[in-house]
Amino acid sequence: RSRLPIIAIDGPAGAGKSTVARQVAQKLGLLYLDTGAMYRAITWLALQQGIDPQDQVAMAELMPTCQIQLSSLENDTESPNPWPTRVWVNQQEVTQAIRSEVVTKQVSAVAAQPIVRETLLKQQQQYGEKGGIVMEGRDIGTHVFPQAELKVFLTASVHERARRRQLDLKAQNQPPVDLEALERAIYERDRQDSSRQVAPLQKAPDAVEVQTDGLSIAAVIAKIVSLYQARLAG
Ligand code: CDP
Ligand code: CDP
């Protein structure tokens, strides 16, 4: 093998990808990349500039002007994977801003644009070119790194994912949102991500599906680490 191993973690919104991927990376001494943060960063910039995410021409012009930096890729041995991943767009920190409700609502439309996907795909492949990374998103196992040593498809029911999101909001002292509204928002984002033409959310045929309803974060991490060790040994 000419590079270090890659772990690809894909799945729908709120399945636990970011939480689990980061800790798996930490345990195994690998880098961690949240590719969703990149799609969110572009969405933030488009909204900032008053660009309609559906406007293909404007989005194509925007792409070369958008420079994204992620703290989790700075190879700092003291803390290889700081949490949350800090994100900058053209030197401006957008760590909090990319998690806003407006960005969350628009991100699937941005991520459906072929020019956006083409640009980010290349950047993600470059970041992972030497391997030694846990990459998390929607299309890592299917498009970004179809050769990944381990592919995990992380899922949970819509109800469970909405409940987790509700707990997240509570932990952040945000105003309470009704569980059904959260379920609808999650369902709608999954629908958009699964039905787009380019690189839709889909389980790779050779991915291991991990259903996380009723599983603790620690249990999910342990499961992925053991799958990885079995893969490398085998
Ligand atoms: O963390 P959360 O589940 O809310 O979503 P995310 O991972 O931050 O991803 C935000 C959005 O980016 C997704 O809903 C997709 O539309 C898009 N995305 C994508 O299309 N491909 C990826 N590899 C990662 C994210
Ligand atoms: O990245 P993604 O949208 O897939 O999910 P996340 O933001 O990592 O996780 C959503 C929430 O579910 C976080 O608050 C996690 O602590 C929680 N959670 C989990 O990730 N896994 C479990 N087995 C149980 C809860």
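Predicted model: local features only at pLDDT ≥ 70, side-chain atom pairs only at ≥ 80, totals over all residues.
Which element gives the largest share of the shell around ligand 1? It is α2, with four residues. Residues are numbered from 1 along each chain as its sequence is written, chains are lettered from A and ligands numbered from 1 in the order in which they are written, and side-chain values use heavy atoms, with hydrogens and water left out.

Back to ligand 1. There are 19 residues around this ligand, and R40, R117, D139, R189 and D193 come nearest (a residue is near a molecule or strand if one of its heavy atoms lies within 4 Å of it). Sorted by class, the shell holds four nonpolar, five polar and 10 charged residues. Here Ala, Val, Leu, Ile, Met, Phe, Trp, Tyr, Cys and Pro count as nonpolar, Asp, Glu, Lys and Arg as charged, and the others, Gly among them, as polar.

Some polar contacts can be picked out (pairs of N or O atoms within 3.5 Å; within protein, one must be able to donate a hydrogen and the other to accept it, and residues adjacent in sequence count only if both atoms are side-chain atoms). In the side chain of D193, an N or O atom sits 2.6 Å from an oxygen atom of ligand 1. For T35, a side-chain N or O atom is 3.0 Å from a nitrogen atom of the ligand, and for S108 a polar side-chain atom is 3.5 Å from a ligand oxygen. On its own, ligand 1 has 530 Å² of accessible area, and the protein covers 94% of that (Shrake-Rupley method with a 1.4 Å probe; for residues, only the protein chains shown count as cover). The elements that give two or more residues to this shell are α2 (35-48), α4 (101-111), β6 and α8 (179-195). Helices (H or I, at least four residues) and strands (E, at least two) are DSSP runs, numbered from the N terminus.

Ligand 2 has 14 residues around it, with K17, S18, T19, D168 and L215 coming nearest. A polar backbone atom of G14 is 2.8 Å from one oxygen atom, and a backbone N or O atom of G16 lies 2.9 Å from an oxygen atom of the ligand. Ligand 2 exposes 540 Å² when taken alone, and the protein buries 79% of that. Two or more residues of the shell come from each of α1 (17-28), α7 (158-171) and α9 (217-233), and α1 gives the most, with three residues. By class, this shell has six nonpolar, five polar and three charged residues.

Now for the sheets. Five strands make an open sheet in the order β2-β6-β1-β7-β8, with parallel pairing (two strands pair if DSSP finds at least two bridges between them). At its edges are β2 and β8 (208-211), each pairing on one side only. From one strand to the next, the twist averages 20 degrees. Strands β2 and β6 (residues 133-137) run parallel and are joined by four bridges, with L31 opposite I133. Four bridges also link β1 (residues 6-10) to β7 (residues 150-155), and there A8 stands opposite K151.

In a regular strand the side chains alternate between the two faces of the sheet. Strand β2 (residues 31-34) is covered on both faces: L31 and L33 on one side, and Y32 and D34 on the other, are all buried (under 20% relative accessible area; over 50% is exposed, and partly exposed lies in between, with a 1.4 Å probe and protein chains only).

A second open sheet has three strands in the order β3-β4-β5, with antiparallel pairing. Because β3 (68-70) and β5 (92-93) at the edges each have a single partner strand, one side of each is left without a neighbour in the sheet. Two bridges pair β4 (residues 87-89) with β5, and W88 stands opposite E93.

Finally, two loop residues. Most residues other than glycine have a negative phi. N173, in the loop between α7 and α8, has a positive phi near 55 degrees and is exposed, with a relative accessible area of 72%. A199, in the loop between α8 and β8, has a positive phi of about 45 degrees but counts as buried at 7% relative accessibility.

Methods:
Axes fitted to C-alpha atoms, helices over the stretch in contact; angles between N-to-C directions.
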